Amino acid sequence: MTQFNHVQTAHCESGVISNIFRHYGLHISEPMAFGIGAGIFFGHLPFVKVNGVPGSTYRIWPGAIFSRVCKRLGVKMQSHKFSSPGKAMQALDDIIEKGIPVGMQSSVYYLPYFPASYRFHFNAHNLVVFGKEGENYLVSDPIMDTVTQIDPESLVQARFAKGFPEPKGKMYYPLSVPKQVDFARPIKEGIQQACYYMLKIPMPHFGVKGIRFLAKRVKDYPAKHGDRRAALYLGNIIRMQEEIGTGGAGFRFMYAAFLQEAGTLLNKEELKSIGGDLTLVGDLWRNFAFAAGRVCKARSADNISYGELSDMLLHIADEEEKVFRRLSKVKF
Amino acid sequence: MKKDEVPQDGDNLHRGTFKQLFYAVDASGNYTAPVSSVGWEPENVALGQAWEEVEHRVAATRDKVESGALSPIAYYMERTLLDLPLLARKVGKFQWQVKRHMKPAVFKTLSAGMIAKYATVFAIPADTLQKGTLLPFQRPE
């Protein structure tokens, strides 16, 4: 049986990276993986709707952190997608037989060990399978505090869930992992990329601009969509901020932890100080969620409360912009 | 967020079995080990609201099926937390086809194979769907 050292993390993708790499002797903390992968982001996409509710994201799209970290640290990954569940499960069995822990993309809806109230159709969850006990697979799911198990039927359903983004049985494992890595350059590249995505993407939906875009929309929610839908839209902004394994304000804190770790590693006081500023922005996001939660709970939409929430978002956008402007000027 | 501010608002959404991690700073502003949280009120409110919406949709669709306006496909779609694009994708049909199957008259003409496909997606027995029995919806506790 393969020994796999399971450590619970705050977010699934950065957590899987940290857990798998550690298995091969490359120690990288979750915030470090998140930062090198330039995971921090914001996006509001009113035209991408799930059950009629527009989506927001507080981090970069699924898979991006992983591929960037691998590229920047020189880890070679093997990744497969499959046309049929039979082949996918056979391939999984073959790999874990060799003692290789396997990362995979899955749908939360079909994971029986998940708290039931969180099991919506979300297809971009990452977990590690590292062995079998009888028929069942041993799972290191980074957001669970201990190792769990999953029956083969559920795993097949989770791996072959339909809908965006379709996992198609995706599984991945490292072919080669360097034992020693110089973090200086990957950190620098990760920070520069994050600054670009937060400040310069020429689309109104993304980065700091995206937060302002959302602010404008929130103000009009009650007038445009009525009490009920306005509250639902708002609820979804909070949920995307705090949902299991995604954590919105949580991502601000995680990135701040990264800046602090990077500052210590590279001996740059400035990074630590910017991390401190970002921690304060995370607190602003938390305050926003508090206020939005109260509005959701009250159920009666009035323009004033939505206006105030909109102002809070504008303030967050200003502060977040200051943080990333400062970060983009750090000399490496 | 300071360590002692990490929210601990449990309300049974996790049945006390699940904890999330948060990065938080100590008194001197340093991030150390992440802190466990049993839940956070705004998230609990938003999640509760999302489930209320599911309940509402399921009940509204049940009424429509019972009054003969829609077929059981529509009911089970809501019960399985799916929407039209996702359901169409799962049964390998176009959205307009699935919409047609939601008409009671068309539903009656569906082949056993098609019914079985839908039943698998809805995780219910095929003859339950065929007969149009509407199994109750249970919101997870």
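A salt bridge pairs a side-chain nitrogen of Lys or Arg with a carboxyl oxygen of Asp or Glu within 4 Å. The views below come from a predicted model.

**View 1. A salt bridge links chain A to chain B.** The side chains of A:Arg228 and B:Glu53 meet here, with 2.4 Å from N to O. Across the interface of chain A and chain B, 3 salt bridges are found.

View 2. The size of an interface is often given as the accessible area lost when the parts come together. Between chain A and chain B, about 4100 Å² is buried. Carbon and sulfur atoms give 56% of that area.

**View 3. Two domains of chain A meet.** In domain 1, 24 residues are in contact with 34 residues of domain 2. The area buried between the two domains is about 2500 Å², and carbon and sulfur atoms give 73% of it. On the domain 1 side, A:Ile40, A:Phe42 and A:His44 lose the most area to domain 2. Together these three residues make up 29% of what that side buries.

**View 4. Polar links between the domains.** The count between domain 1 and domain 2 of chain A is 1 salt bridge. Elsewhere in the count, 8 residue pairs are in polar contact between these domains, both members at pLDDT 80 or more. Four elements of domain 1 give two or more residues to the side that touches domain 2: helix H1 (12-23), helix H2 (30-36), strand S1 (40-50) and helix H3 (64-73) of chain A. A close-up of A:Glu189 and A:Arg72 shows their side chains in a salt bridge, at 3.5 Å from N to O.

**View 5. The largest nonpolar core.** This core holds 97 residues. A:Phe21, A:Leu73, A:Tyr255, A:Trp285 and A:Leu327 touch the most other members. Helix H7 (residues 207-242) of chain A gives the most to the core, with 13 residues. Domain 1 and domain 2 of chain A both give residues to this core, so it lies between them. A second, separate core has 63 residues, including A:Leu111, A:Met171, B:Val65 and B:Ile124.

**View 6. The surroundings of A:Tyr255.** Leaving out residues up to four places away in sequence, A:Tyr255 touches several others. Among them are A:Phe34, A:Gly35, A:Ile40, A:Leu278, A:Phe324 and A:Leu327.

**View 7. A buried histidine in a strand.** A:His125 lies in strand S5 (residues 125-133) of chain A. A:His125 counts as buried because its relative accessibility is 2%, and the cut-off for buried is under 20%. A polar contact of 2.8 Å joins the side chains of A:His125 and A:Asp141. Beyond residues up to four places away in sequence, A:His125 also touches others, including A:Cys12, A:Met104, A:Leu111, A:Phe114 and A:Ile143. A:Phe258 is 133 residues from A:His125 along the chain, and their C-alpha atoms are separated by 22 Å.

Definitions and conventions
Residues are numbered from 1 along each chain as its sequence is written. Chains are lettered from A and ligands numbered from 1 in the order in which they are written. This is a predicted model: local features need pLDDT of at least 70, side-chain atom pairs count only at pLDDT 80 or more; totals for chains, interfaces and linings use all residues. Side-chain values use heavy atoms; hydrogens and water are left out. A nonpolar core is a set of buried Ala, Val, Leu, Ile, Met, Phe, Trp, Tyr and Cys residues joined through side-chain atoms within 4.5 Å. Buried means under 20% relative accessible area, exposed over 50%, partly exposed in between (1.4 Å probe, protein chains only). Domain bounds come from an automatic or database domain assignment. Contact means heavy atoms within 4.5 Å. Buried area is the accessible area (1.4 Å probe) that two parts lose on being put together, summed over both. A polar contact is a pair of N or O atoms within 3.5 Å; within protein, one must be able to donate a hydrogen and the other to accept it, and residues adjacent in sequence count only if both atoms are side-chain atoms.
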